[in-house]
Amino acid sequence: MLNTEYISALGVSDAEYNEIIAKAAEIIKSGSVVALPTETVYGLFADATSTEAVAKIFEAKGRPQDNPLIVHIADFQDIYKLSDEVPKEAEELAKKFWPGPFTMIVKSNGRVSKSVSAGLSTIAVRMPDSKIALDVIRASKLPLAAPSANISGFPSPTSAEHVRDDMTGRIEMIIDGGECRYGVESTVLSLTGDVPRILRPGAVTADAIKAVVGAVEIDESVLKPVGEGVVVSSPGMKYRHYSPKAQVIVLRGSLNSFVEYVERHQMEGDFALCFDGEEDLLPIRAVSFGAEKDSLMQAQRLYSALRQLDELGAERVFARCPSKEGVGLAVCNRLFRAAGFNVIDLK
Ligand code: TXA
Ligand code: MG
């Protein structure tokens, strides 16, 4: 068990802030792991050039060894230290979306630890739009590997309290920088094939990417389970993910048909995950995760709502089905995975 230091960077003086950043950078340079906020979710940051440091990330999360990590940089030029084959589209996309909730996969030049890419010949790179993250990357003068700061398989943390629940005793330091702005992980775009391909949807939408590069494909696994034995482009897609302890069932259809279904099937321990304002119309206790028409809000609140359902002791959760338009695709993707793709179409 490590002694995890918990520091708030909220409302501190400039001098105190600089001290926090310097301390985080020192811990990272010494080969250990620090949790800090990005604009998407909290991440576990460590030196991507050190095999031992990267191993500590995998250990803290209990992450399968074949699931690669994203490398975080603070200046676009640093991508050339990680890849010798950066396509022209990458520059255009970075100009538009970096810093921001956007990750690009390019050919790796093998300069970071092999364990970061989990044996793949490619590397995922992102420049986060969070002052704390950018300041720590710059202060450490290293490319930093960082997955979401949750125990593997559970919902990603969107607040420092979530990280504290999962990571106390497992890492050296947690920096509290408040709630994350987007609440779902970055869009992951592969640039290693003929056409750019979205492997994981996020706040940067397919349409926004298309407007820059002309064409984009969305990987099948985004809304469908990966079949047994299929080789996947992104190893993270084959695992059960983002799941609370409760069993989640997504019911696709109108509010009326949702209420009817729940009335017919309800048992003790059932909860609903619903849109704002629907709580009182449902026959079971409910947690809401945003307005029905507001995908950005749903993204921001989804993981927190899933964690809350566990805290309330939910055994089974019936979830309303979000729209898959725009950022909604990311919300659907995470919720469907949390449900292990248990999605029922209501009549
Ligand atoms: O918003 C985010 O991206 C957050 C913050 C902390 O930056 N990070 C994050 O990392 O979500 P993680 O490890 O939880 O998810 C990374 C995803 C996984 O699905 C992984 O399989 C995929 O990116 N990935 C990483 N490197 C890859 C590669 N070379 N090829 C294909 N997929 C890759
Ligand atoms: Mg993750």
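Predicted model: local features only at pLDDT ≥ 70, side-chain atom pairs only at ≥ 80, totals over all residues.
R197, E217 and D219 are linked in a network of salt bridges. The structure holds 19 salt bridges. Side chains of opposite charge can pair when their charged atoms come close.

## Salt bridges

Here are three of the pairs.

| Pair | Closest N and O atoms |
|---|---|
| K224 and E220 | 3.7 Å |
| R301 and D276 | 3.2 Å |

Take K224 and E220 to begin with. Are they buried or exposed? K224 has 45% relative accessibility, so this residue counts as partly exposed. E220 has a relative accessible area of 60%, and because exposed means over 50%, E220 is exposed.

Next comes the salt bridge between R301 and D276. The pair links distant parts of the chain, 25 residues apart. R301 sits in helix 9, which covers residues 295–311. D276 sits in the loop between strand 13 (270–274) and strand 14 (286–288). R301 counts as partly exposed at 26% relative accessibility. D276 is partly exposed too, with a relative accessible area of 33%.

How do the two partners stand in terms of exposure? R320 has a relative accessible area of 3%, so R320 is buried. E292 has 40% relative accessibility and counts as partly exposed.

## The sheet

Now turn to the strands. Strands of a sheet pair through backbone hydrogen bonds, either parallel or antiparallel.

One pairing can be followed in detail. Strand 2 (residues 34–37) pairs with strand 8 (residues 173–176) in the parallel sense, over two bridges. V34 has M173 of strand 8 as its bridge partner.

## Around ligand 1

Ligand 1 has 26 residues around it. Which of them come nearest? They are T40, R63, N67, H72 and S186. By class, the shell is made of 12 nonpolar, 10 polar and four charged residues.

Strand 4 (70–72), strand 6 (122–126) and strand 10 (197–200) each supply at least two residues. Strand 6 gives the most, with four residues.

Several side chains come up to oxygen atoms of the ligand. An N or O atom in the side chain of N67 is 2.6 Å from an oxygen atom of ligand 1. For H72, an N or O atom of the side chain is 2.7 Å from a ligand oxygen atom. S148 has a polar side-chain atom 3.0 Å from an oxygen atom of ligand 1. How much of the ligand does the protein cover? On its own, ligand 1 has 690 Å² of accessible area, and the protein covers 96% of that area.

Conventions: Residues numbered from 1 in each chain as written. Chains lettered and ligands numbered in written order. Heavy atoms only, no water. Near = heavy atom within 4 Å. Polar contact = N/O pair within 3.5 Å; in protein donor to acceptor, adjacent residues only side chain to side chain. Areas by Shrake-Rupley, 256 points an atom, 1.4 Å probe, with all protein chains shown as cover. Nonpolar A, V, L, I, M, F, W, Y, C, P; charged D, E, K, R; others polar. Salt bridge = Lys/Arg side-chain N within 4 Å of Asp/Glu carboxyl O. Buried < 20%, exposed > 50% of the residue type's maximum accessible area, 1.4 Å probe, protein only. Pairing = 2+ DSSP bridges.
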